[in-house]
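This report covers strand pairing, salt bridges and nonpolar cores in one protein model. The sequence and structure come first.

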Amino acid sequence: MSGEASAPGASPRAPRPGTQKWSGTVAKKGDRATKEKTAPILTPVGEAEPKNLEEYQCTGLLDTDFAELCTRSGYKDFPKVVTRPRPHPTFVPSASISEKLTVDDQRLSASCSLNSLESKYVFFRPTIRVELESDEKSVKEIYIRGWRVEERMLGIFSKCLPPLSQLQAINLWKVGLTDKTLTTFIALLPLCSSSLRKVSLEGNPLPEQSYHKLMAPESTIAHLSLRNNNIDDRGAQLLGQALSTLHSCNRTLVSLNLGFNHIGDEGAGYIADGLRLNRSLLWLSLAHNRIQDKGALKLAEVLRPFELTHTEVVERRRLLLEKGTPERSRSPSTSRLGDSKSDREKSQTGGLSSVSLVDKTDKTQVVKAAKGLGKKKEKPGEVVKKEEKSGSGQLSAQGTLKKDDFKASKGKVTIPEQKPTKGKGPKTGVREKRSTLLESEQLVAETTETVSPLLEPVEHRDGKVFMPGNKVLLHLNLLRNQITEVGLDGFLAAVQYQAQFTQANSTSKGPVGLLWLSLEKNCFFPRCPAYATIQELMLPRDPISKAEPREEEALAPST
């Protein structure tokens with residue numbers, strides 16, 4: 001019994017100390033391991049992250065700054081900054097080189113080691129590719145492709161991107177943006193250099209489709225690409241409202257790429273509504289979408305005279321009444337070009353200010369009135385110069401009225417001067433097209449700053465008010481949609497109107513309408529009469545096609 005008792009008693013006693021010691025050791029080691037992992041990696045890095053980032057002063061070298069900020073933020077493995085390879089010139093291998101390549105290919109095929117596999121997939125590793133200026137130091141463009149950019153990484157970018165004084169473009173392709181990180185990215189843009197004008201967010205579908213925030217009135221983005229983002233009619237509605245509404249308008253965006261999305265007729269209608277009062281967008285691509293005839297007709301409608309809605313007519317009358325307030329009479333308006341002497345006499349007897357309706361001989365009264373309104377003093381010679389300029393009769397009465405009225409609202413008495421026309425002369429090829437676009441951009445900037453689109457000259461027909469249409473848009477791409485000959489007829493009418501308008505106003509300076517229209521790969525026969533007519537009308541309007549004969553003449557030997 002004692003042996004039997006001692007055996008069970010000994011057996012529990014022997015393992016008990018070992019078991020307690022083993023379990024205690026495991027518990028202590030587990031606690032120690034947890035503390036070691038939590039303390040140095042999570043807690044201190046999270047607490048010290050803002051302090052460390054603020055203490056570091058960026059040098060303007062992206063590779064150095066980005067690596068240091070990532071290290072301070074606790075990243076052990078982070079993307080490297082590499083220079084984007086430039087296209088190499090045409091290379092013709094010699095016989096010796098070709099033989100050497102063949103031997104190398106045989107060696108590679110014979111040995112498929114781990115190192116060779118890794119070298120083949122170096123391109124797919126997360127990197128930040130940069131394009132440098134000619135000095136090989138300043139970063140001009142940034143390309144991030146195929147790896148997720150989170151909120152914490154955007155915080156690092158907010159520190160290392162602002163010192164890049166020559167940064168012009170940011171391209172984010174499939175980086176897993178969310179509506180929250182997009183908001184953070186938009187807040188980062190004003191911190192960057194003023195030279196940053198191009199943003200490309202392709203392959204980043206968002207649940208709320210909040211891309212319109214990039215086109216806010218205070219945005220400085222001039223070129224925006226939103227391809228392949230699954231934007232549907234709801235997202236197109238937000239983008240159309242960002243282009244223009246009755247009371248607000250984007251004045252900086254020059255090009256917008258909405259290709260490879262899911263925009264249908266309804267969405268195209270919203271984009272067309274945004275183009276009604278937008279006078280800054282020059283380039284629009286809606287290629288590879290789902291637009292049919294209804295949406296095509298909506299887009300074509302804004303390119304020729306269209307009827308104002310009741311709300312737009314009311315707003316136009318309100319703006320005209322504001323122009324008729326005493327602020328209108330603060331400057332000697334050149335609207336006298338279209339007013340007869342009898343009209344000026346009636347206006348003077350009606351109690352209007354003599355400053356805006358003064359006769360050319362009453363120059364001293366102009367100076368006195370300008371002084372009485374707290375304006376800057378002008379010399380009589382300047383007023384004489386203004387009167388001589390205003391009597392030239394080269395501008396229309398209504399257009400000049402708007403321009404001077406806007407200047408009057410700023411409280412300045414200015415002398416209208418004709419600016420030298422750019423882009424005229426024997427320019428060829430892409431240079432001519434580029435000069436045309438630059439001239440149009442400058443002209444668009446001037447008109448959008450001075451005149452509301454609702455105050456453009458209108459036409460009254462059958463009790464309705466018609467605007468002349470959007471002639472600022474130069475490039476429209478509707479490749480690979482679902483447009484038939486019905487929608488094609490709408491664009492034919494728009495192109496015919498713009499061609500007639502350009503021919504009738506060939507000597508005037510101003511927007512002329514579409515220079516390039518792409519309707520290929522839609523649901524109509526390429527040889528249909530309407531499409532052939534559109535091509536004939538657009539061919540002489542294309543700057544590149546007009547430049548080809550000039551190049552041939554320049555290359556031809558002189559006889």
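## Salt bridges around E131

K140 and E131 form a salt bridge in which the closest N and O atoms are 3.5 Å apart. The model is a predicted one. E131 also meets the side chain of R84 in a salt bridge, with an N to O distance of 3.7 Å. Since E131 belongs to strand β2 and R84 to the loop between β1 and α4 (95-110), this pair ties together parts that are 47 residues apart in sequence. R84 is partly exposed, its relative accessible area being 31%.

Strand β1 (residues 80-83) runs parallel to β2 and is joined to it by 4 bridges. In this pairing, V81 stands opposite I128 of β2.

With strand β3 (residues 139-145), β2 pairs in the antiparallel sense over 5 bridges. V130 has I142 in β3 as its bridge partner. The hairpin of β2 and β3 has 6 residues between the strands, and E136 in this hairpin takes a positive phi near 60 degrees.

In general, the side chains of a regular strand alternate between the two faces of the sheet.

## Nonpolar cores

Which residues have the most contacts inside the largest nonpolar core? They are I142, F157, L161, L226, F491 and L519, in a core of 81 residues. I142 is also the β3 residue that bridges to V130.

Neighbours within four places in sequence aside, F157 is in contact with F66, I128, I144, W147, V149, P162 and L188. One of these, I128, is the β2 residue opposite V81. Another core lies apart from the largest one; it has 10 residues, including L308, L319, L455 and M467.

Nonpolar side chains tend to be buried together in soluble globular proteins.

## Other salt bridges

The structure holds 10 salt bridges. Among them is the pair E459 and R461, whose side chains meet at 3.7 Å, N to O. E459 is partly exposed, with a relative accessible area of 40%. R461 is partly exposed as well, at 36%.

Technical notes
Residues are numbered from 1 along each chain as its sequence is written. This is a predicted model: local features need pLDDT of at least 70, side-chain atom pairs count only at pLDDT 80 or more; totals for chains, interfaces and linings use all residues. Side-chain values use heavy atoms; hydrogens and water are left out. A nonpolar core is a set of buried Ala, Val, Leu, Ile, Met, Phe, Trp, Tyr and Cys residues joined through side-chain atoms within 4.5 Å. Buried means under 20% relative accessible area, exposed over 50%, partly exposed in between (1.4 Å probe, protein chains only). Contact means heavy atoms within 4.5 Å. Two strands pair if DSSP finds at least two bridges between them. Helices (H or I, at least four residues) and strands (E, at least two) are DSSP runs, numbered from the N terminus. A salt bridge is a side-chain nitrogen of Lys or Arg within 4 Å of a carboxyl oxygen of Asp or Glu.
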